[in-house]
Amino acid sequence: MAALRARYDHLLGTERPAIVEIVSWAAGNGDRSENGDYLYGRKRMREIDRELAHLARRMKACRVVDPARQEDRSRVWFGASVEIADEDDNRKHLTFVGDDEQDASKGLIGWSAPIARALRGAALGDLRRVALPGGEKEWEVMVITYPAAP
């Protein structure tokens, strides 16, 4: 939520006013049909307005959840860090985060990703099947942790 708010504030308070100033200056220079500053500025303003609308919708739909306050720590819920193993004992460490925070290279998996949906509510030792692009795979939950409560 903080990252969404920061991006929204930056676009609205910094980028958009700068583009408005450029477009106003360019509009005063005469022929707008061949004025690159004016045409690019208007295009960039539309992009900013579209992103602002998207961010506003995301922030309105967003619910801030503190995983440290999770009461049922014996199962996989939002904010859990899990270690899973496949049939060949290949292990993966995953943390389930909001879809806007996901970064698979860091092991941060969006809450609506297929593997997150498959592991929701799983307890230690549970086996879950996950449909992947390369075919279906079965994973066993080995470890479930949550951040320490404040």
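Predicted model: local features only at pLDDT ≥ 70, side-chain atom pairs only at ≥ 80, totals over all residues.
1. Two packed helices are described by the angle between their axes and the distance between the axes. Here, helix 1 runs over residues 2-27 and helix 2 over residues 36-61, and their axes come within 9 Å and cross at roughly 160°. That makes helix 1 roughly antiparallel to helix 2, because angles over 145 degrees count as roughly antiparallel. What kinds of residues make up the contact of helix 1 with helix 2? There are 18 nonpolar residues, ten charged ones and one polar one.

2. An unreviewed entry carries the annotation "domain: Transcription elongation factor GreA/GreB N-terminal", which covers residues 2-64. In the model, that span is 83% helix and 0% strand. The C-alpha atoms at the ends of residues 2-64 lie 10 Å apart.

3. Next, charges. Side chains of opposite charge can pair when their charged atoms come close. How many salt bridges does the model have? The count comes to 16. Six residues are linked in a network of such bridges, namely Arg7, Glu15, Lys43, Arg44, Glu47 and Glu51.

4. Let's zoom in on two links among those residues. Arg7 and Glu15 meet through their side chains in a salt bridge, at 3.8 Å from N to O. Arg7 is partly exposed, with 30% relative accessible area. Lys43 pairs with Glu47, and the closest N and O atoms of that salt bridge are 3.6 Å apart. Both Lys43 and Glu47 sit in helix 2, four residues apart, which is about one turn of the helix. Lys43 is partly exposed at 44% relative accessibility, and Glu47 is partly exposed at 28%.

5. Over residues 74-146 the chain is 44% strand and 8% helix. The end C-alpha atoms of residues 74-146 are 10 Å apart.

6. One backbone angle deserves a second look. Most residues other than glycine have a negative phi. Asp89 is not a glycine, yet its phi is positive, at about 65°. Where is Asp89 found? Its place is the loop between strand 1 (81-85) and strand 2 (91-97). Asp89 is partly exposed, with 47% relative accessibility.

7. Finally, a glycine to find for yourself. Gly135 is in strand 5, which spans residues 135-145. At 30% relative accessibility, Gly135 counts as partly exposed. Gly135 and Asp88 are 47 residues apart along the chain, and their C-alpha atoms are separated by 15 Å.

Terms used
Residues numbered from 1 in each chain as written. Heavy atoms only, no water. Axes fitted to C-alpha atoms, helices over the stretch in contact; angles between N-to-C directions. Helix = DSSP H or I, 4+ residues; strand = E, 2+ residues; numbered from the N terminus. Parallel < 35°, antiparallel > 145°, perpendicular 65-115°, else oblique. Nonpolar A, V, L, I, M, F, W, Y, C, P; charged D, E, K, R; others polar. Salt bridge = Lys/Arg side-chain N within 4 Å of Asp/Glu carboxyl O. Buried < 20%, exposed > 50% of the residue type's maximum accessible area, 1.4 Å probe, protein only. UniProt positions renumbered as here; feature names shortened; annotations may be inferred.
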